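Good morning. I have one structure to show today, and I will keep it short. Please have a look at it first.

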Amino acid sequence: MTALLELRDVTKRFGGLVAVNGLSFTMTSGEIVGLLGPNGSGKTTALNMISGLLQPNGGAIDLLGESVGGLPANRIAHRGVARTFQLVRALPSLTVGENVLAALAFRRHPIWGEAAKPKIEELLGSVGLAGRADQPAAGLTYIDLKRMELARALAAEPLLLLLDEWLAGLNPTELRAGIDLILSLRDRGMTILLVEHVMDAVRALCDRCIVMNTGSRIAEGPTDEVLRHPEVVRAYLGDLHA
Ligand SMILES: Nc1ncnc2c1ncn2[C@@H]1O[C@H](COP(=O)(O)OP(=O)(O)OP(=O)(O)O)[C@@H](O)[C@H]1O
Ligand SMILES: [Mg+2]
């Protein structure tokens with residue numbers, strides 16, 4: 001079976017710093033994979049290369065067996081990759097509905113105007129923002145802003161969704177709601193690469209994890225095994241529980 005996503009020996013340098021160092025992994029459709037690692041280990045840089053925001057210095061990135069490494073972000077988005085950002089990006093002067101409309105208008109099969117309205121409602125409903133289309137985005141609480149960002153990503157009807165610490169900064173009640181929301185995406189068959197520091201969320205959501213440290217993969221496998229791996233405990237969990 002062709003992998004949905006395959007990275008082979010992908011490298012990104014910033015001057016003398018090797019932010020991602022020969023990273024390889026594959027994902028199949030329907031999986032939720034955790035991409036873990038301490039601060040600065042290269043997780044966001046990896047997502048940036050997969051989504052085309054950054055060009056790799058070496059290696060290959062394939063989506064459904066076709067090379068996408070180095071393509072511009074809009075071309076990769078049109079091939080089926082959508083993402084959220086570690087620091088939420090929204091259009092605060094627009095309404096919630098207009099924010100989603102902007103995403104619908106730039107996708108591969110754009111829709112806008114009246115035709116977009118039912119789609120906007122459906123997308124907002126799927127992230128827990130039903131009936132909120134006319135509200136100004138600027139007035140949203142943090143979790144609702146995150147929900148809106150997710151609706152914008154889902155508007156592209158992606159094959160692969162990249163979530164960069166989407167659950168960060170939520171209180172325990174919101175975190176539970178956020179985990180349930182991602183589980184509902186999994187039930188719909190969405191494939192998700194999830195960068196996350198919240199271990200309860202990783203355990204609840206990820207079938208499998210890849211752990212990075214200083215740009216390199218140090219472990220990969222089923223979540224429970226990976227989180228017990230001595231090198232992971234040393235590099236990462238050791239930090240958190242120190
Ligand atoms: N545009 C850039 N220019 C220069 N250095 C960068 C750039 N982006 C990231 N880096 C560096 O590359 C390394 C990896 O950063 P990255 O943001 O990928 O880490 P991360 O694993 O996402 O960390 P965090 O958990 O803190 O979000 C860090 O040392 C960072 O300072
Ligand atoms: Mg990051």
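I will go through the ligand and then the pocket.

One thing before that: this is a predicted model.

Let me begin with ligand 1. Which residues come nearest? Of the 14 residues around ligand 1, they are Gly-40, Lys-43, Thr-44, Thr-45 and Gln-86. By type, this shell splits into 8 polar, 4 nonpolar and 2 charged residues. Two elements, β2 (17-27) and α1 (43-50), each supply at least two residues of the shell. The most comes from α1, which gives 3 residues.

Now some distances to oxygen atoms of the ligand. Thr-44 has a polar side-chain atom 2.8 Å from an oxygen atom of ligand 1. With Gly-42 the polar atom belongs to the backbone, and the distance is 3.0 Å. For Ser-41, a backbone N or O atom lies 3.2 Å from an oxygen atom of ligand 1. On its own, ligand 1 has 640 Å² of accessible area, and the protein covers 62% of that.

Next, the largest pocket. Its volume is about 630 Å³. There are 20 residues in its lining, and those nearest the centre are Ala-77, Val-81, Ala-82, Arg-83 and Phe-85. Two or more lining residues come from each of α2 (73-79), β6 (81-83), α3 (96-105) and α5 (142-154). The largest share, 5 residues, is from α2.

What types of residue make up this lining? They are 12 nonpolar, 5 charged and 3 polar. Domain 1 (1-80 + 159-242) and domain 2 (90-157) each give at least three residues to the lining.

That is my part done.

Methods. Residues numbered from 1 in each chain as written. Chains lettered and ligands numbered in written order. Predicted model: local features only at pLDDT ≥ 70, side-chain atom pairs only at ≥ 80, totals over all residues. Heavy atoms only, no water. 1 Å grid on protein atoms, 1.4 Å probe; cavity = no way out; pocket = protein on both sides within 12 Å on 5 of 7 lines; lining within 4 Å. Points joined across faces, edges and corners; volume = space filled by probe spheres on them. Helix = DSSP H or I, 4+ residues; strand = E, 2+ residues; numbered from the N terminus. Nonpolar A, V, L, I, M, F, W, Y, C, P; charged D, E, K, R; others polar. Domains from an automatic or database assignment. Near = heavy atom within 4 Å. Polar contact = N/O pair within 3.5 Å; in protein donor to acceptor, adjacent residues only side chain to side chain. Areas by Shrake-Rupley, 256 points an atom, 1.4 Å probe, with all protein chains shown as cover.
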